Amino acid sequence: MQKREFNKSGGSYGGASAPPAKRGRPFGSGNSSAEAAAAAAAAAADHTAAPSNLLGPSLLVHNAFTVENNKRIVHALQSGLKNELTWALNTLTLLSFKEKDDNRKDSNNALTRISGLLDALLTVIDDWRDIALPKEHVRAPRVRNLGVNLLVTGFGNEYEMLGSNSSVPHSGLGSGAQDASMLSNVSNLRSSEWWLEEDGLFNLDDEGRAERQQCAVAASNIIRNFSFMQDNETIMAFHRHCLETIFQCIEDYITEDEELVTNSLETIVNLSPMLDLQVFGSSKASYIKMTAKRAVQAIVGVLESPVKAWHCSAAELLGRLVINPENEPFLLPFIPQIHKRLVDLMSLPAFDAQAAAVGALYNFSEVNMDCRLKLANERWAIDRLLKVIKGPHPISDICKKAAMILESLVSEPQNRGMLLAYENAFAEVLFSDTRCSEIFARILYELTSRPNNKVAAARGIWGM
C-alpha cells in the first residue's frame, strides 16, 4: 500500500497550506477540525493528483495501542462474539503485519507482551475445528432444538431467528403426528428457522459456519505473522497447544480450508529450526493427543500433495527437522517414503520444487549414514541429481548441493560399486561444468584411486 502525498501548495482558507496528514491516517488527521477541513479542501482543489496517490494510506497502529488494549484484545477473542472477534482479529492483523521498509520495533512484540494471547488465538481455531465438516460429507436435515436459548453471538442468521414469527412448529410442541404433517407441508423453510435444519452442536447455519471459518483463517494468519518475529519463536516452538493445533490442521489438509493449511505450514516451517518433536511426549498439558509419529505422518501426507506450495513447504520442513538429532528417531521409519517422493519432486519442471527436494535430500544425506545408503539405492535418484546439475537451474547453489549429495553418497564404501556405473557421466560434468568440477574431481578420486577400489574400478571401466 502507498502513502498519500498531499499537495503542499493547495489552496486553503487564508492562503496557508494545510499540514500533511499523519502516516496511516486519512484526510483530516491533523490537530484540529479547521486543519482537517483545509486538508480536504486542498485535496478537492487538486485535480492533477496521480492515480497512484488515491490508493489509500498505509495502516499503522500506534506503539502504545497494545499496552493500553492488551487485556481488551484477549477478552474480545475469548468472548466468542462476532463484533468483538472481528475487532480483535483486525487489530492483531495490523499489529502483526510489517512491511519491508517498516522500522517498527515495539509494536512487533505483541505476542510476547500480551499474556494469554496465543491461547486465545488458538481457541478461535479450535472453535472452528470443533464444528468443521469434511467437504464431501453431506448430512440430511434433522429437527434440533439444542442451543435455542443460548445468547446471541452474532454469527449467521441468529438475529433473524429472534425476530421470527414463523408458524413452523418446534420439536416437542404438540403431537408428533401433527408436527410431522405440518412439516411435510412446508416446502421451503425460512433461513431464520435454521435450528430446524442444522445437526451441529452449535446450530450454526451455513452463513454462520462460513463466518467462523473466516475467523479461524484470520487467527491462523496472525499466528503465521507472529512466527516471523524472533522474539516469538521460542514461545511458539515449545507451546504444545500451538503445535498440536497446527499439526492437526496440516493432518486434515484434504478436507480443511486451503488458506488455513497454508498458514499452518508456513508457521511450522518458521518454527522448525527450534522444533523438537519430543515436546509431544512431554508432561505438558495435551489438548489434541498429538504424538510425534502422528506429526511426521501429517508432514509426509502433505509431501504427497499435488499442490506445489504445500509439498515444497513439507520438503523444506523435513529438511530442517532432520538437522536436530533429537528428531532423527521419529523421521527414520519414514525415510523410504520421503526419499521416493523427494526424488519424484526433482523430476518436476518447477524450479522451486527441485530446490526444495534437493535441499531436503542434502540435509538427510549429511546427517545420517542410513539415509545415504537408502538414497543411493533409490530408483532414478542418481539420474535426477545429474539432471539437476546439468540443467540450467536459476539457483546455482542448488546445482552445487546436488553435487555434494553425490559426494556424500560416494563416501560410503557400499555405494561405490553402484556409482561406478556413472563414471563417464561424472567425468563429463567434470570437464564441462566449472561450477562443480572440483566436487566431481573428488568424487572420481573416491571411486577409482582408493586401494580398496581397484577391483571395483576394473568392473566399472571394463565391465568385469
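Predicted model: local features only at pLDDT ≥ 70, side-chain atom pairs only at ≥ 80, totals over all residues.
**Overall picture**

The chain has 23 helices and zero strands. Of its 464 residues, 46% are buried. Among contacts with a separation of 6 or more, 73% join residues 24 or more positions apart. The accessible surface is about 24100 Å². Carbon and sulfur atoms supply 54% of that surface.

**Helices H13 and H15**

Helix H13 spans residues 308-321, and helix H15 spans residues 335-346. Their axes come within 12 Å and cross at roughly 130°. Angles over 145 degrees would count as roughly antiparallel, and 65 to 115 as roughly perpendicular; H13 and H15 are therefore oblique to each other. The crossing of H13 with H15 is left-handed. H13 brings His311, Ala315 and Leu318 to the contact. H15 meets them with Ile338, Arg341, Leu342 and Leu345. By class, the contact residues are five nonpolar, one polar and one charged.

Most residues other than glycine have a negative phi. Lys289 is not a glycine, yet its phi is positive. Trp380, also not a glycine, has a positive phi too. The table sets out both residues.

| Residue | Phi | Loop between | Relative accessibility |
|---|---|---|---|
| Lys289 | about 60° | H11 (258-271) and H12 (292-303) | 63% |
| Trp380 | about 70° | H17 (369-376) and H18 (381-390) | 43% |

Exposed means over 50% relative accessible area. Lys289, at 63%, therefore counts as exposed. Trp380, at 43%, is partly exposed.

Methods: Residues numbered from 1 in each chain as written. Heavy atoms only, no water. Axes fitted to C-alpha atoms, helices over the stretch in contact; angles between N-to-C directions. Helix = DSSP H or I, 4+ residues; strand = E, 2+ residues; numbered from the N terminus. Parallel < 35°, antiparallel > 145°, perpendicular 65-115°, else oblique. Left-handed = near helix turned anticlockwise from the far one by under 90°. Contact = heavy atoms within 4.5 Å. Nonpolar A, V, L, I, M, F, W, Y, C, P; charged D, E, K, R; others polar. Buried < 20%, exposed > 50% of the residue type's maximum accessible area, 1.4 Å probe, protein only. Areas by Shrake-Rupley, 256 points an atom, 1.4 Å probe, with all protein chains shown as cover.
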